[in-house]
Amino acid sequence: MALTLTLSACAGSGDDGNGGDGGGDGASTVTIGFMGDLTGENSAIVIPPRDGAKMAIDEYNAGDPDVKIELKEYDTQGKPEQATALVAQAVGQDKITALIGPAFSGESKAVGAQLDEAGIPSISASATNPGLAENGWKFWHRVVANDNDQGPGIAEFLTKAFSPKKAFIISDDQEYSVGLAESVKASFDEGGVPTETDKFAQTASDYSSSVEKIRSSNADVIFFGGYYAQGGRLLKQLRDANVKTPFVSGDGSLDAQLVTAAGAPAAEGAILGCPCNIPSADVEGALKTFYDNFKKATGNDPAIYATEGYDAATAFIKAVEAGNTTSDKINEFLSTVEFEGVSKPIKFKENGEPEANDIFIYEVVDGTVTLLGTSAEATLK
Amino acid sequence: MLDDLSSQFLPSTVGGLAAGAIYALIALGYTMVYGVLRLINFAHSEIFMIGAFASLFVLITMGISAPLTGIALVGMLLLMMIVSMAAAGGAAVVLEQVAYKPLRKKGASRLAALISAIGASLFLQELFALIVIPEVFDTPGRNTVPVPRIADRDVLFSIGNANIRTDHVIVIVAALAMMIVLDQVVNRSRMGRGIRATAQDPEAAVLMGVNIDNVVRLTFLLGGAMAGVAGMLYAFEYENLIFNVGFILGVKAFTAAVLGGIGNIRGALVGGFALGLIENWGAIFLGSEWKDVTAFVVLVIVLMFRPTGILGESLQRARA
């Protein structure tokens, strides 16, 4: 299979062509793509990892390295068919050496084979569908735990934190919500924790029947599978009805809008799990450095998947630093790469999954979603 | 199973009554317009939405940030109610002028009016999502807009294991009061007689000197005002609004109107409460995901035995 060698002269922009012609030392550039929904309706999940990746590459280029890295953005608007066309463009015209992304599972699935055939190593910061790792793609990687890890991670944490005698599992009727709720229930079943369940329509606004079921179950902990809009409403109605059982949810509810929808008093103490590592203002160490730098570079607090985007870019930077500038060599390097990333220790399994499949636990403290740590280490405030 | 029944029956009944009161208020608008024009006003759900946002607008303008009590609470509720009724009633009249009257004047088929209704419904939703919510409420248009709390959720009294809270009482009492007022207006006043006459036989009513245009306008105004009250109570009770909040409630309210007997004002009341209760009672045994299924199964069964709904008799046949 032909390799796409993309060492190009840095003055190749076609103006006066004076400096460093011929790809001499200190004048070459490796092009890395970033692909995801940058302007579509879910771009709020993709812009933070883009910013994270850009930050890592800017930091690297600022050190005036021999081989510079150029980041080229591809906006799929989250649409798989758009991703297919963009991959063709990125590989054929732009001759990218490696790719960060695609951001979502659907588009990752659509272009995985295409990238594998072209031999372009890719690292996704945010695609969590478990099936992606089962395609036998040799060039595909991700730095985020998959959906199958989330349920067990959350259940493990809850069992440790509350030693519940009974858990109540509730969700709305969307595919993501039901899947996550079932995964948490299965983990409780395995751990011998009895559960009761209920489910409501995504469009419902009155949850009084669910609230009464939860009250009469006398459960010690409530897990809600679903997104923040429904989660916030449910949480509000529970607390209004004086049901004070701890409320727990997953990455779909990990958003400041959960607090808005539930109201700050009701949201206080809600616990959220996520495969993503989002540093809050009170973190320490490498996360704190990241938090400060990110805030300086973008003016925003780091949001979802920002650290993962940074780590994905860092893996490629390490490869280039080690003198690998071709797609094949970079991919080879990724199979052995091992470093302490910002989000988690980065090391890939043979199928491209991250070795560390940590789930991170958050708690709403004083109205803000606050990082507590990995599900194995976190303790409630 | 029996445990579930005894522990959840009374609390679920309270929740069902509160939800049912809101269904019933919205159902009034469907049923009155149907009675007079034989038209299902699908944009009625957006009239409800406008009423709900009008209440939120009042709360924001008045700068409410903490729950109120006593006279201040009652005054604020009345103010919200008046503004919501005016906004929703006014919007309903404008809707009639813009979306239905031109068609009616040209003698267009009912199908054309139905399409016009759906178009108006989508237009109003998008108007709120794209302009009103971002500009007035300073929130991204498709996000949930939180409503500040104006009354604490205190338990007033208990019946068995059901705690009756202040907000439940306010919603149910306010809804019932408005429905009694409307029923009296339609049955006793001169304007109401015009509505009944038109519903019964539009042509004879015209011959007797009834101004049809005025009657239609009045019908939309009253139905819209009731939807405004429903919107205000919804904003107060559930404290979360979104641009398409009316859609599913509109479907439920329409169902309630048919269940009670469409065209029948008291039927809308019975249908609304029946639907709210059936949903919540069904959920005790089957789980909350079966709420909608239970409600529609009951609807089908009722219609099999009473094709015109529970109360059956419709507006035009009442008190001929």
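The model is a predicted one, in which local features need pLDDT of at least 70 and side-chain atom pairs count only at pLDDT 80 or more, whereas totals for chains, interfaces and linings use all residues. Residues are numbered from 1 along each chain as its sequence is written, and chains are lettered from A and ligands numbered from 1 in the order in which they are written.

Phi of Asn218(A), a residue other than glycine, is positive and near 55 degrees, and the residue lies in the loop between α6 and β9 (221-225) of chain A; helices (H or I, at least four residues) and strands (E, at least two) are DSSP runs numbered from the N terminus. A positive phi of about 50 degrees is also found for Asp366(A), which is not a glycine and is placed in the loop between β14 (360-365) and β15 (368-374) of chain A. Asp366(A) counts as exposed, with 8 C-beta neighbours inside 10 Å. Most residues other than glycine have a negative phi, and most peptide bonds are trans. A cis peptide bond, with omega about -10 degrees, joins Gly101(A) and Pro102(A), and Pro102(A) is located in the loop between β4 (98-100) and α3 (105-118) of chain A.

Chain A contains 12 helices and 15 strands. Its radius of gyration, taken over C-alpha atoms, is 22 Å, close to the 21 Å that the globule rule gives for 381 residues, so chain A is as compact as a globular protein of that length; the rule is 2.2 Å times the number of residues to the power 0.38. Along the principal axes, the C-alpha atoms of chain A fill a box of roughly 75 × 40 × 35 Å, and 52% of the 381 residues count as buried. The domain assignment of chain A, with bounds that come from an automatic or database assignment, gives domain 1 (8-145 + 284-346) and domain 2 (148-274 + 360-374), and the C-alpha centres of these two domains lie 34 Å apart.

A nonpolar core is defined as a set of buried Ala, Val, Leu, Ile, Met, Phe, Trp, Tyr and Cys residues joined through C-beta atoms within 7 Å. The largest such core has 111 residues, and those with the most contacts inside it are Ile100(A), Ile222(A), Phe223(A), Ala313(A), Phe316(A) and Tyr362(A). Helix α11 (residues 306-321) of chain A gives the most to this core, with nine residues, and the core draws at least three residues from each of domain 1 and domain 2 of chain A. A second, separate core of 99 residues includes Leu25(B), Ala199(B), Leu222(B) and Ala235(B).

Between the chains, 23 residues of chain A are in contact with 24 residues of chain B, contact requiring that the C-beta atoms, placed from the backbone, lie within 7 Å. On the side of chain A that touches chain B, β8 (195-200), α6 (208-217), α7 (228-240) and α8 (256-262) of chain A each supply at least two residues, and α6(A) gives the most, with six residues.

Note on methods. Contact = placed C-beta atoms within 7 Å. Buried ≥ 20, exposed ≤ 12 C-beta atoms within 10 Å, placed from the backbone.
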